[in-house]
Amino acid sequence: MEDTPKPRTFLTKPEAFRDVSRGSPKPHSLKGDDLVKARMTPESWRLEILADPSATVDKQYKLDDMTALDFAAIEALGKKHSVKFLKAMQCLNIDQPLGQGLWEGVPLREILRLVGKVKNVRRVFYHGFHNNDPKQIFQSSLSYNHAMETPPWELGPFVAYKLNGQPISLVRGGPVRLIVPWSYGFKSIKWLHRITLTNDYKTNDTYAEQNNDPESYLKTAAYLDPGPQAFKAGEAITIRGTAMVGWSGLKHVEYWLRPAGGDHGKLEANDPAWQKAKWEPCALEPAPADWGGNLPDGVMPKDVWGFNAEGKPKEWPLRYSVALWSATLKDVKPGVYEFRARTVDLNGFAQPEPRPYLKSGQNHVAVRTLMVME
Ligand SMILES: Nc1nc2c(c(=O)[nH]1)N[C@H]1C(S)=C(S)[C@@H](COP(=O)(O)O)O[C@H]1N2
Ligand SMILES: [Mo]
């Protein structure tokens, strides 16, 4: 009864990302002329940059007077201000990252600069194509300073037009998608079509509905890979998983193995067993020695955000990407056990702290029951 590990590659093939996009029909299911009308081909794609009546800008970019930006304009900006960033996409409501890729694009601030002087701008609203039903628009927002004044040691939001060295596929939000490095997926709007500057100071995020926290940054949290539950006594048991490296970084991943409590792994947050738990360190997979094979052809490691001039990551694991971990259990006596894993962030908070509230990101401590047989 071997634990058959899934292949664990650093980049997810774009088609292997899990898809959670909304809309009816799904925007990426459009074909032919409909696709062109929806401005979802590189040739037909346009980006409007507008100010609503509450805000003032020198210049707007509109569809009706043909000033909206086209794909070539974004590519041209990309030649001057390109950013390449390794990021895992995770839905705030799903306890696993959906996939990880190298996203390439232009900082949003370089695009917002094109409007010239602004007055009374407090927030940036943006949305992508959905269909003609306004109720189905999936929208998101950022504070103006998050777009314009991200400190140089942090990567700000960017307008992406490549994923893993290729044009972004329709299903992943191409031709152009907004990427917010620190955020859950809902801020990374697919099929980006319009940016509106506003004096409104409130979020307009679709994801603010249903009690989600629309300003939540990615949490640091460990997740268990699927794997076998039954093992033979005497054989080494390897459990694998992933950890999302959130805003507060990742110090380590640790596990707790205890005889099963008999309630299908249920353990209330106030159960005294948590206080007595003995957590043991898991092994974190080190950075690849050679990044060549882990990046798309033609991408130099030194050109990736967070890598130094020698092409090595400045910190490991990389923030906002997935760390791989494993735990090998030896000499486990026959019996039924509960296996749990959790992260400890760079501030010393053990998962699910400091925000056990799941509507700001799924970070409950996952459990798997293991059976060890004679
Ligand atoms: N236009 C648009 N963008 C969208 C969505 C959507 O429904 N429409 N869903 C968001 C949500 S909730 C998530 S979690 C991510 C998922 O990204 P993926 O489909 O590339 O995995 O896309 C985000 N961007
Ligand atoms: Mo999501």
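Colleague: On what basis are the residues and values given?

Modeller: Residues are numbered from 1 along each chain as its sequence is written, while chains are lettered from A and ligands numbered from 1 in the order in which they are written. In this predicted model local features need pLDDT of at least 70 and side-chain atom pairs count only at pLDDT 80 or more, whereas totals for chains, interfaces and linings use all residues; side-chain values use heavy atoms, with hydrogens and water left out.

Colleague: In E8, what is the bridge partner of Tyr126?

Modeller: E8 belongs to an open sheet of five strands with mixed pairing, in the order E3-E1-E12-E7-E8. Strand E8 (139-143) is at an edge, as is strand E3 (69-70). Strand E7 (residues 123-128) pairs with E8 in the antiparallel sense over five bridges. The bridge partner of Tyr126 in E8 is Ser140.

Colleague: In E20, what is the bridge partner of Glu254?

Modeller: Strand E16 (residues 252-259) runs antiparallel to strand E20 (residues 335-344), joined by eight bridges, and to strand E17 (residues 280-281), joined by two. In E17, Glu254 has Pro281 as its bridge partner. In E20, the partner of Glu254 is Arg342.

Colleague: How much of the accessible area of ligand 1 does the protein cover?

Modeller: Among the polar contacts (pairs of N or O atoms within 3.5 Å), a side-chain N or O atom of Lys190 is 2.5 Å from an oxygen atom of ligand 1, and one of Arg172 is 2.9 Å from an oxygen atom of the ligand. A backbone N or O atom of Ser188 lies 3.0 Å from a nitrogen atom of ligand 1. Of the 530 Å² of accessible area (Shrake-Rupley method, 1.4 Å probe) that ligand 1 has on its own, the protein covers 100%.

Colleague: What volume does the largest cavity have?

Modeller: A cavity is a set of points on a 1 Å grid over the protein atoms alone where a 1.4 Å probe fits but cannot get out, and its lining residues have an atom within 4 Å of a point. The structure holds one cavity of 30 Å³ or more. The lining of the largest cavity includes Trp182, Glu215 and Tyr217. Its volume, the space filled by probe spheres set on the points, is about 40 Å³.

Colleague: What is the omega of the cis peptide bond that joins Gly174 and Pro175?

Modeller: Most peptide bonds are trans. Pro175 is found in the loop between strand E10 (166-167) and strand E11 (177-179). The bond that joins Gly174 and Pro175 is cis, with an omega of about 5°.

Note on methods:
Two strands pair if DSSP finds at least two bridges between them. Helices (H or I, at least four residues) and strands (E, at least two) are DSSP runs, numbered from the N terminus. A polar contact is a pair of N or O atoms within 3.5 Å; within protein, one must be able to donate a hydrogen and the other to accept it, and residues adjacent in sequence count only if both atoms are side-chain atoms. On a 1 Å grid over the protein atoms alone, a cavity is a set of points where a 1.4 Å probe fits but cannot get out, and a pocket is an open set with protein on both sides within 12 Å along at least five of seven lines; lining residues have an atom within 4 Å of a point.
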